[in-house]
Amino acid sequence: MPTNLEKWDVENEQFWNAEGKRIATRNLWISIPSLLCGFAVWLYWSIITVQMLNLGFPFTQSELFTLSAIAGLSGATLRIPSSFLIRIAGGRNTIFLTTAMLMIPAVGTGFALQNINTPIWIYYLLALLSGLGGGNFASSMSNISFFFPKKVQGTSLGLNAGLGNFGVTTMQILIPLVMTMGVFGGESMTLVTSSGTLIGKIPAGTETYIHNAGYVWLVLLIPLAFAGWFGMNNITTDAVSPNIGSPPLCFAKVLGLLGIAFGTSIIGLYLLLPAPVGAGLLSKWVVLPLVIAGTVYGMKFLTTGALRANLERQYRIFGNKHTWAMTIIYTMTFGSFIGYSAAFALSIKVIFGYSHLLVDGVMTHKTINPNGPSALTYAWMGPFIGALIRPVGGKISDKLGGAIVTQWVSIVMILSAFGCAYYMKAAYASATPEDYFTPFLVLFIILFAATGVGNGSTFRSIAMIFDKEQAGPVLGWTSAVAAYGAFIIPQVFGEQIKATTPEYALYGFAVFYFLCLVLNWWFYTRKNAYIQNP
């Protein structure tokens, strides 16, 4: 089988059954674990930061939330160029290179965590680099969208995204386990406060190997890089990846565009973060639009010749009103999933792991709660359900229509967010916050499940609304903007916890979900909608 596929017509039933389905399936099953590792490396800070607290690393809770937020901003920004990489460099070339590059932050993280005195700025840099894993989603989804016919787009994209999203759950289960074993060498550290794994609590005083949280991913990334190189294909038709050139040229184009996104991320973080890391000049609500615009225009004006012309052709998606409508709606589903995944574990630790006591008329939040639930025991549940149900959301939407499913998802998310806010408020004012943990956890799992179903339904809508050439870039673009949830949600939670009003974060998200419900109704489900229930 040739590396470059010069003929690809999956809407032709005969071609699909004769050879297309076999090739598409092989590419899908290499894409899924590669994407899984991308999610794991991108979001492993949500677990690492909890263990850093348990080990007594000399950082504040706010600094640790910022660590997750940096990875979130970087990963989201890298998705912008990644949205357009398939046409420019081909699917096989892009997936191989971006998967192999995940080894850089994985090794760096493992090395840095071996020293409790490693300065915070090094972790910030590693979090920035781990954004490579977040960027991979846009190129992976764009690539897979070209391999399958429209009749199974909801299912195929749901499988790629849903099983890829299992990287979050895999990471949340695997990292606590490997931290209990000295399998990759290095010195152990001693827990100051209790930790946990999937099977229960680990008492203070236990030896742990936190650096394994980085090194363990090499076990998967090395064989996956080989699988991507020898098992995947570039579709070199006019509608997908024409005239991509040699692999070294493709790699240069990928690295150049990713470099622009890294540059705008660094500038944005400098403007946003307080001293001594940054200047702290602007609000996140100002910085994010500037980073997005800077990346889009930087890609356009810092490139030349055929590469620039190729980008300008793909930028036609920005003239379509449905691009913007689906970007906002998709942010509700995937933005929530990825943001809550990044913030869930540390939120459990901060809200339920401490007793909230009134001392001399002042509410305090620093007394360790001996009866508090282990964040590492429970944090995997929400992302697990959200990822598991994602392909189901795609299948249901293939039968009922994407917009109708999205409408019901919006309602469930609004109600769940208000319920979670109620129990967060009660817990953060209680000396025994564990009394409120079970209903909080159940409601948050429902919220995660709704985001998963909504991810599948929005993919179906995008595949039906846009033509073959535009659907891939639109999938990538919408996922790029939505991925800023991995930055916004940890930041908002961190700010509101610092202000002692964590419930305000979920009140704000519920209002946004209501606006998305109205937008989805106006564009796609009302009687005279622009497109009826795509």
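This is a predicted model: local features need pLDDT of at least 70, side-chain atom pairs count only at pLDDT 80 or more; totals for chains, interfaces and linings use all residues.
Q: At what angle do helix α3 and helix α20 pack, and are they roughly parallel or roughly antiparallel?
A: Helix α3 covers residues 61–82 and helix α20 covers residues 468–482, and their axes lie 8 Å apart. The angle between them is about 165°. Because angles over 145 degrees count as roughly antiparallel, this value of about 165° makes α3, relative to α20, roughly antiparallel.

Q: Which residues of α20 make the contact with α3?
A: On the side of α3, the contact is made by Ala76, Arg79 and Ile80. The residues of this contact divide into four nonpolar, two polar and one charged. On the side of α20, the residues asked for are Gly476, Trp477, Ser479 and Ala480.

Q: What is the handedness of the crossing of α3 and α20?
A: Two packed helices are described by the angle between their axes and the distance between the axes. For α3 and α20 these values are about 165° and 8 Å. The crossing of the pair is left-handed.

Q: Which residue forms a salt bridge with Lys284, and how many residues apart in sequence are the parts that the pair ties together?
A: The side chain of Lys284 meets that of Glu495 in a salt bridge, with 2.8 Å from N to O. Lys284 belongs to helix α12 (residues 284–301), whereas Glu495 belongs to helix α21, so the pair ties together separate parts of the sequence. The partner is therefore Glu495, and the separation is 211 residues.

Q: Is Lys284 buried or exposed?
A: Residues under 20% relative accessible area count as buried. Lys284 has a relative accessible area of 7%, whereas its salt-bridge partner Glu495 has 36% and counts as partly exposed. Because 7% falls under that cut-off, Lys284 is buried.

Q: Which residues does Gln491 touch, not counting those up to four places away in sequence?
A: Gln491 is found in helix α21, which covers residues 485–498. At 11% relative accessibility, Gln491 counts as buried. With residues up to four places away in sequence left out, Gln491 touches Thr66, Ala69, Leu272 and Lys284.

Q: What separates Arg308 and Glu312 along helix α13?
A: Arg308 forms a salt bridge with Glu312, and their closest N and O atoms are 3.6 Å apart. Arg308 is partly exposed at 27%, and Glu312 is partly exposed at 36%. Because the two residues are four apart in helix α13 (residues 305–314), what separates them is about one helical turn.

Q: Which helices hold Asp398 and Arg460?
A: Asp398 forms a salt bridge with Arg460, the closest N and O atoms being 3.5 Å apart. The pair links distant parts of the chain, 62 residues apart. Arg460 counts as buried, at 14% relative accessibility. Asp398 lies in helix α17 (residues 390–400), and Arg460 lies in helix α19 (residues 437–465).

Q: Where is Asn243?
A: Most residues other than glycine have a negative phi. Asn243, however, has a positive phi near 55°, and it counts as exposed at 77% relative accessibility. Its place is in the loop between β6 (234–235) and α11 (247–272).

Q: What value is the phi of Asp360 near?
A: Asp360 is found in the loop between β7 (354–359) and β8 (362–368). At 78% relative accessibility, Asp360 counts as exposed. Its phi is positive, in a residue other than glycine, and is near 55°.

How values were computed. Residues are numbered from 1 along each chain as its sequence is written. Side-chain values use heavy atoms; hydrogens and water are left out. Buried means under 20% relative accessible area, exposed over 50%, partly exposed in between (1.4 Å probe, protein chains only). Contact means heavy atoms within 4.5 Å. Axes are lines fitted to C-alpha atoms, for helices over the stretch in contact, and angles run from 0 to 180 degrees between N-to-C directions. Angles under 35 degrees count as roughly parallel, over 145 as roughly antiparallel, 65 to 115 as roughly perpendicular and the rest as oblique. A crossing is left-handed if the near helix is turned anticlockwise from the far one by less than a right angle, and right-handed if clockwise. Ala, Val, Leu, Ile, Met, Phe, Trp, Tyr, Cys and Pro count as nonpolar, Asp, Glu, Lys and Arg as charged, and the others, Gly among them, as polar. A salt bridge is a side-chain nitrogen of Lys or Arg within 4 Å of a carboxyl oxygen of Asp or Glu.
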